[in-house]
Amino acid sequence: MSDIIKTVESILLDPSDVDALKLEKILSGVMTKSCDFADVYLQDSIQETWFLEDGIVKDADYSADRGFGLRVISGEKVGFAYADNLNASSLEQAVSAVKSVVRVGETKLLPASTAVSQPALSLYLPDSPMLCLTDAEKVHLLQKMDQYARKQDSRIKRVFVRLESSFDSVMVLDSDGELSADLRPLVHMSIQVLAEQNGKTEQGRAGGGARADLNFFLTQDRAMCYVDKAVRQALLNLDAQAVPAGVMPVVLGPGWPAVLLHEAVGHGLEADFNRKGSSVFSGRVGEKVASSLCTIVDDATAHQARGSLNIDDEGTAGQSTMLIENGVLKGYMTDKHNAKLMQLPLTGNGRRESYACPPLPRMTSTYMMPGEADPGDIIASVDRGLYAVDFAGGQVDISSGKFVFTMSEAYLIEKGKVSHPIKGATLIGNGTEVLAKVSMVGNDLEFDPGIGHCGKDGQTIAVGVGQPTLKLDAITVGGTRTQNAVKDKE
């Protein structure tokens with residue numbers, strides 16, 4: 001048995017009246033002739049948050065949670081029950097609940113000799129991320145960021161910094177007799193600054209994170225780099241001009257702008273939407289759905305990346321999955337339920353927010369592979385257009401592929417050169433149409449700094465995105481004439 005499984009058992013099972021043998025008996029009691037599959041997911045979660053406002057720590061929170069989720073699958077029907085504790089009585093009650101749900105054909109959330117399956121490599125250290133710094137050191141770091149921001153420019157009037165860390169111990173046992181476990185650290189930091197000039201106020205934001213400990217923010221002076229970016233963005237916005245609306249070429253910068261691909265394309269490639277026929281990509285495997293310059297991958301195997309997973313929340317090893325290759329749709333992201341119904345291979349994309357949620361096919365780290373173009377040549381190829389460096393948020397309709405995105409940092413391109421900053425710009429389009437209009441792909445692939453949160457069916461999880469510099473030949477930009485009609489969604 002691996003060391004990780006032993007450690008997780010000591011955290012999850014030793015303090016309770018449940019052991020591995022009891023879990024096996026529970027699953028045996030669930031399985032009947034009408035049940036195809038069952039699994040139990042156990043989780044212990046520790047979270048810590050520090051929030052500083054204008055040099056003062058306004059909030060410090062520490063929480064601990066543990067529980068389990070029991071799932072039974074019968075054809076397309078799913079029975080799911082959970083409880084916020086780990087004891088034999090709750091597990092037995094959950095068995096009765098999920099069996100009755102499957103029998104009546106409804107999906108309802110109710111409170112409520114094993115083979116070891118572990119990946120050969122670990123993508124992150126199995127240690128609590130918050131213990132490497134004392135509380136005093138955490139407060140000092142936040143205050144140092146506040147002071148550094150204010151020293152950069154007298155126009156910086158307010159500073160907000162948030163520091164978050166969590167450590168999850170998870171175990172999955174399924175009716176196929178496979179047992180797996182993981183220890184998952186996650187840290188995240190964000191800073192927002194407000195700049196004021198002549199009665200006008202603008203903001204700038206930055207941040208990052210990883211599956212690492214809090215020393216991540218001290219390495220390469222990352223925390224202060226976040227401050228630099230937030231301050232620069234706020235001051236730029238003070239001088240930014242309104243952008244005219246219309247159809248024009250747009251260059252997307254490397255890294256975080258790939259959130260557009262995540263929303264406009266990534267969600268549409270999750271298996272459940274395609275099984276139900278509600279995605280614009282349904283039934284199109286093997287078809288050309290993008291420019292031949294586009295190759296898009298979902299990859300859970302990058303070292304310490306925010307979206308990486310040793311195993312997903314069903315016990316499947318994290319892996320790299322080709323979604324679109326040279327413009328051709330190659331496949332979808334699957335969990336166990338949808339993979340079986342669609343007769344597709346497992347891709348390790350079964351994810352859940354916590355034990356209280358059933359797993360869904362979700363992205364991990366989704367990115368576009370680099371091309372051959374020099375980023376400078378991409379900018380030079382645009383006579384008049386937009387250079388989008390950072391995004392604030394957006395929304396997408398999965399069935400149609402239509403999206404709206406708000407830019408938090410962007411510039412006008414004039415005669416092949418980046419000119420003045422602009423504000424109030426949105427990108428409006430359709431995912432498949434936009435992919436078809438990719439005419440140049442840079443050689444400068446970058447990943448986001450570790451800030452991605454993804455929502456689906458009320459569940460929020462950590463994800464990553466990435467891309468090189470991209471040129472879109474034509475896309476609708478909402479600006480001064482249409483801005484009031486655009487609704488932004490974080």
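Begin by selecting Arg352 and Tyr41: Arg352 lies over the face of the Tyr41 ring, 4.0 Å from the ring centre. The model in the viewer is a predicted one. A second contact of this kind can be displayed by selecting Arg211 and Tyr124, where the charged end of the arginine sits over the tyrosine ring at 5.6 Å from its centre.

**Strand 1 and its partners**

Next, select strand 1, residues 37-53. Of its 17 residues, 15 are buried, so strand 1 is largely enclosed by the rest of the structure. Strand 1 and strand 2 run antiparallel and are joined by 17 bridges. Within this pairing, Asp39 may be picked out opposite Arg71 of strand 2. Then move to the hairpin of the two strands, which has 2 residues between them; there Asp54 takes a positive phi near 55°.

**Helix 4**

Select residues 135-152 to display helix 4, which has 18 residues. From its first C-alpha to its last, helix 4 reaches 26 Å, close to the 26 Å expected at 1.5 Å a residue. Colour its buried residues: Lys138, Val139, Leu141, Leu142, Met145, Asp146 and Ala149. Turn the view to look down the axis of helix 4; the buried residues fall within an arc of 155°, so they line one face of the helix. Ala136, His140 and Lys151, on the other side of helix 4, are exposed.

**Aromatic pairs**

The structure holds 8 aromatic pairs. Select Phe51 and Phe160 to inspect one of them: the ring centres are 6.5 Å apart and the planes meet at 15°, so the pair is stacked. Phe51 counts as buried at 17% relative accessibility, and Phe160 is buried as well, with a relative accessible area of 15%.

Proceed to Tyr387 and Tyr411, an aromatic pair that is tilted, with 6.4 Å from centre to centre and 35° between the planes. Tyr387 belongs to strand 17 (residues 384-396) and Tyr411 to strand 18 (residues 402-414), so the pair ties together parts that are 24 residues apart in sequence. Both tyrosines, Tyr387 and Tyr411, are buried. For a cluster, select Phe216, Phe217 and Tyr226, which are linked by ring pairs.

**Asp444**

The tour ends at Asp444, in the loop between strand 21 (438-441) and strand 22 (446-447).

Finally, display the surroundings of Asp444. Leaving aside residues up to four places away in sequence, Asp444 touches Pro254, Pro375, Gln467, Pro468 and Thr469. Thr469 is 25 residues from Asp444 in sequence, and the two are 6.5 Å apart in space, C-alpha to C-alpha.

Terms used: Residues numbered from 1 in each chain as written. Predicted model: local features only at pLDDT ≥ 70, side-chain atom pairs only at ≥ 80, totals over all residues. Heavy atoms only, no water. Helix = DSSP H or I, 4+ residues; strand = E, 2+ residues; numbered from the N terminus. Expected span 1.5 Å × (residues − 1). Buried < 20%, exposed > 50% of the residue type's maximum accessible area, 1.4 Å probe, protein only. Arc of directions from axis to C-beta. Contact = heavy atoms within 4.5 Å. Phe/Tyr/Trp six-rings, centres within 6.5 Å; stacked < 30°, edge-to-face > 60°. Lys NZ or Arg CZ within 6 Å of the ring centre and 35° of its normal. Pairing = 2+ DSSP bridges.
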